[in-house]
Amino acid sequence: MGQLIEQTARAAGDEIAAIIDIHNVTDLETMGAVADIVMDFSSPASLPQVASYVRRTGTPLLSGTTGCSEAELAVLRQLGEAAPVIHSANYSVGIAVFRRVLEQVSDILKPDFDIEIVETHHNQKVDAPSGTAKLLLDAIDPRHEMRPVYGREGICGKRDKKEIGVHALRGGTVAGEHTVRFFGVDEELEITHRATSRQIFVNGALMVARKLYRMPKGFYQLQDILFGGNRS
């Protein structure tokens, strides 16, 4: 992702002020405010240095790092006090629309439909379920009133109406596929998003970055920037 962002940004005429990776992340400790925005698609292990840099310089931050714990997500939200900050597991415009649709239909379907989420990624992906699957789960159940069940094995009893199944498939070079299925009596509704390359995430992230750095301090959701709304 980092290399694709660099290549796409340069092709669009943007200037790359610095490139930080696992080998030189400590350089952030002495670097000044050299850019309009920081784009972080690394790993949660880099968050302490990134967060310290944003607090010190006030540089806006766009984070696409997945696998963050609740505590790490809380750090990102708090950074909104120092700069405009956004974190999203997926910067695809299609996924943003997917999430918006789920928010609108889930409360109507939840009382009578069973819900399952299936995500598929390439065999090099290290975290499961994907950050996008978690994002979709949160759209379906924002108040966390239901119980996620991550895969099933053995004799697990009848399906509980309050559970949402979440399943991760890994193989080949799949860039990303996410499906939410609603199973009702004599009817089913299925919504699927397929990414055929990581370029869609890069394009979405750069579009959001060009808007974010002009915005006031605060922690933003992707929905806020694409569709309007109140920041956190």
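Reader: How do the residues of the lining of the second largest pocket divide into nonpolar, polar and charged?

Author: The model is a predicted one. The second largest pocket holds about 690 Å³ of space, and 21 residues line it. By class, the lining of this pocket divides into eight nonpolar, eight polar and five charged residues.

Reader: Which element gives the largest share of the lining of the second largest pocket?

Author: The residues closest to the centre of this pocket are Glu70, Leu73, Lys134, Leu135 and Asp138. Both α3 (70–79) and α5 supply at least two residues of the lining. The largest share, five residues, comes from α5.

Reader: Which strands does helix α5 lie across, and at about what angle does the helix run to β4?

Author: Helix α5 covers residues 131–140. The strands it lies across are β4, β5, β6 (163–170) and β7, and the angle to β4 is about 160°.
The loop between β4 and α5 holds Pro129. A cis peptide bond joins Ala128 to this proline, with omega of about -5°; for the helix itself, the strands are β4, β5, β6 and β7, and the angle is about 160°.

Reader: In the open sheet of five strands, which strands stand at the edges?

Author: The five strands follow the order β5-β6-β4-β7-β8, with mixed pairing. A strand at the edge has a single partner strand, so one side of it is left without a neighbour in the sheet. The strands in that position are β5 (147–150) and β8 (188–195).

Reader: Which residue of β7 is the bridge partner of Glu119?

Author: Strand β4 (residues 114–121) pairs with strand β7 (residues 176–183) in the antiparallel sense, over seven bridges. Within β7, the bridge partner of Glu119 is His178.

Reader: Which residue takes a positive phi in the hairpin of β7 and β8?

Author: β7 and β8 pair in the antiparallel sense over eight bridges, and Thr179 has Thr192 in β8 as its bridge partner. The hairpin has four residues between the strands. Most residues other than glycine have a negative phi. The residue with a positive phi, near 65°, is Asp186.

Reader: Where does His144 lie, and what is its phi?

Author: His144 lies in the loop between α5 and β5. Its phi is positive although the residue is other than glycine, and the value is near 55°.

Reader: Which strands stand at the edges of the open sheet of four strands?

Author: This sheet has the order β1-β2-β3-β9, with parallel pairing. Each edge strand has a single partner, so one side of each is left without a neighbour in the sheet. The edge strands are β1 and β9 (218–220).

Reader: What angle does the direction of α3 make with that of β3?

Author: β3 and β9 pair in the parallel sense over three bridges, with Gly218 in β9 as the bridge partner of Pro84. Helix α3 packs on this sheet and touches β2 (61–63), β3 and β9. Its direction makes an angle with that of β3 of about 150°.

Reader: How many residues apart are Phe41 and Tyr91, which form an aromatic pair?

Author: The count comes to one aromatic pair, which is tilted, with 5.9 Å centre to centre and 55° between the planes. Phe41 lies in the loop between β1 (38–40) and α2 (47–57), whereas Tyr91 lies in the loop between β3 (84–87) and α4. The pair thus links distant parts of the chain, 50 residues apart.

Reader: Which element gives the largest share of the lining of the largest cavity?

Author: The count comes to two cavities of 30 Å³ or more, and the largest has about 60 Å³ of space. Its lining consists of Ser88, Asn90, Ile95, Ala96, Arg99, Leu135, Leu222 and Gln223. Two or more of these residues come from each of α4 (93–109) and α7 (222–227). The largest share, three residues, comes from α4.

Reader: How many nonpolar, polar and charged residues does the lining of the second largest cavity have?

Author: About 50 Å³ of space lies in this cavity. Among its lining residues are Asp40, Pro44, Cys68 and Leu76. By class, the lining has five nonpolar, three polar and one charged residues.

Conventions: Residues are numbered from 1 along each chain as its sequence is written. This is a predicted model: local features need pLDDT of at least 70, side-chain atom pairs count only at pLDDT 80 or more; totals for chains, interfaces and linings use all residues. Side-chain values use heavy atoms; hydrogens and water are left out. On a 1 Å grid over the protein atoms alone, a cavity is a set of points where a 1.4 Å probe fits but cannot get out, and a pocket is an open set with protein on both sides within 12 Å along at least five of seven lines; lining residues have an atom within 4 Å of a point. Grid points are joined across faces, edges and corners, and a volume is the space filled by probe spheres set on the points. Ala, Val, Leu, Ile, Met, Phe, Trp, Tyr, Cys and Pro count as nonpolar, Asp, Glu, Lys and Arg as charged, and the others, Gly among them, as polar. Two strands pair if DSSP finds at least two bridges between them. Contact means heavy atoms within 4.5 Å. Axes are lines fitted to C-alpha atoms, for helices over the stretch in contact, and angles run from 0 to 180 degrees between N-to-C directions. Rings of Phe, Tyr and Trp (its six-membered ring) pair if their centres lie within 6.5 Å; planes under 30 degrees apart count as stacked, over 60 as edge-to-face and the rest as tilted.
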